[in-house]
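Keep the viewer open and click along.

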Amino acid sequence: MASTVQSPTSTKPSPLPASALLDGVQVPVAQSAAAAIEPGYRLVPARFGKPGQQADAWVQCPTWCTEDHVDHWNQHPVDLSHWGGEDARWDVASIPNPLQALLALSARLYADPANQDDRMRAAHVRMDDESIDVFLTPEMAEETADELIAFAAQLRHLARQARQFNEQTSQPRRLAETLPEEAQA
C-alpha cells in the first residue's frame with residue numbers, strides 16, 4: 001500500500017534514483033513511480049521510529065491530506081493516518097461567556113489506511129465536538145448535513161420566537177417581580 005524508499009543510515013528519505021530496473025528494462029524512476037502511484041495520491045516523506053531512532057521514507061498520500069508526516073511522525077507505518085484541513089468549523093459562545101466558544105463542531109476528511117474496517121480505510125468525514133469523534137461515510141455525512149440544515153431552520157424559528165416575545169414585553173422580569181407580594185415573603 002505505501003511505496004517506500006528508505007535509507008536506514010539517514011533520517012532523510014533517500015532521493016529517488018534516476019532510473020530503476022523494471023521487468024528487465026531500465027526505466028526512469030519518475031515514470032515508474034508515477035505509474036505506481038494511484039490517481040489522487042502523491043509521494044511524500046514520512047518519519048517513523050522511536051525518538052532518536054527515526055528514519056524517513058516515501059509514502060503514498062492522498063492529495064487532500066494536509067498532515068506533515070515528517071513533523072507529525074509515527075512510531076510504526078501502520079499508525080500513519082491522513083488528515084484533511086479543518087474545512088468545516090462552527091462554534092458558539094454564550095450569554096454568560098460571550099468571548100469563549102463553549103460548544104464547537106468541526107469536520108474534515110480522514111482516512112486510516114491500516115484500519116480493519118474498509119469504511120475507515122476509505123476517505124470519510126471525521127467530525128468532533130472537542131470531546132468525542134464520529135466517523136461518517138460520505139452518505140452519512142450528507143444525511144448529517146441535511147439534518148443540520150433542518151436543525152438550523154428550527155434554531156432560526158426559535159430565535160424569531162424569542163425576538164418577537166422580547167419586542168412585545170417591556171423588559172425581562174425576575175421571578176420575584178412576577179409573584180404576588182404574599183408569595184415573596
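Is Phe135 buried, partly exposed or exposed? With a relative accessible area of 32%, Phe135 is partly exposed. Keep in mind as you click that this is a predicted model.

**Around Phe135**

Phe135 sits in strand S9. Leaving out residues up to four places away in sequence, its contacts are Tyr110, Met120, His124, Val125, Arg126 and Met140. Val125 is ten residues from Phe135 in sequence, and their C-alpha atoms are 5.9 Å apart.

**The overall layout**

Zooming out, the chain has five helices and nine strands. Reading from the N terminus, the order of elements is β-β-α-β-β-β-β-β-α-β-β-α-α-α. There are 185 residues in the chain, and 24% of them are buried. Of the contacts with a separation of 6 or more, 34% are between residues 24 or more positions apart.

**The nonpolar cores**

In soluble globular proteins, nonpolar side chains tend to be buried together. Which residues make up the largest nonpolar core here? There are eight: Val44, Ala46, Phe48, Ala57, Val59, Cys61, Cys65 and Leu80. Strand S3 (41–50) and strand S4 (53–62) each put at least two residues into this core. Another core lies apart from it, with five residues, including Ala107, Val125, Met127 and Leu136.

Cys61 has 0% relative accessibility, so it counts as buried. Cys65 is buried as well, with a relative accessible area of 4%.

Not counting residues up to four places away in sequence, Cys61 touches Gly40, Tyr41, Arg42, Val44, His69 and His82.

| Residue | Relative accessibility | Class |
|---|---|---|
| Leu43 | 22% | partly exposed |
| Val78 | 54% | exposed |
| Glu130 | 56% | exposed |
| Glu139 | 55% | exposed |

Leu43 is in strand S3. Leu43 and Ala57 are 14 residues apart along the sequence, with 9.7 Å between their C-alpha atoms.

Val78 is in the loop between S4 and strand S5 (82–83). From Val78 to Phe48 the C-alpha separation is 9.9 Å, and the two are 30 residues apart along the chain.

Glu139 has its place in helix H3. Glu139 and His124 are 15 residues apart in sequence, and in space they are 9.4 Å apart, C-alpha to C-alpha. His124 is also among the residues that Phe135 touches.

Most residues other than glycine have a negative phi. What is the phi of Glu130? The angle is near 70 degrees, a positive value in a residue other than glycine. Glu130 lies in the loop between strand S8 (124–128) and strand S9 (133–136).

**The largest pocket**

Now for the largest pocket, which has a volume of about 450 Å³. It is lined by 20 residues, and the closest to its centre are Ala88, Trp90, Leu105, Met127 and Leu148. Met127 is a member of the five-residue core as well.

Which element gives the most to the lining? That is H3, with seven residues. Strand S6 (88–92), strand S7 (103–111), S8 and helix H3 (138–168) each supply at least two lining residues. Sorted by class, the lining has 15 nonpolar, two polar and three charged residues.

Conventions:
Residues numbered from 1 in each chain as written. Predicted model: local features only at pLDDT ≥ 70, side-chain atom pairs only at ≥ 80, totals over all residues. Heavy atoms only, no water. Core = buried A, V, L, I, M, F, W, Y, C linked by side-chain atoms within 4.5 Å. Buried < 20%, exposed > 50% of the residue type's maximum accessible area, 1.4 Å probe, protein only. Helix = DSSP H or I, 4+ residues; strand = E, 2+ residues; numbered from the N terminus. Contact = heavy atoms within 4.5 Å. 1 Å grid on protein atoms, 1.4 Å probe; cavity = no way out; pocket = protein on both sides within 12 Å on 5 of 7 lines; lining within 4 Å. Points joined across faces, edges and corners; volume = space filled by probe spheres on them. Nonpolar A, V, L, I, M, F, W, Y, C, P; charged D, E, K, R; others polar.
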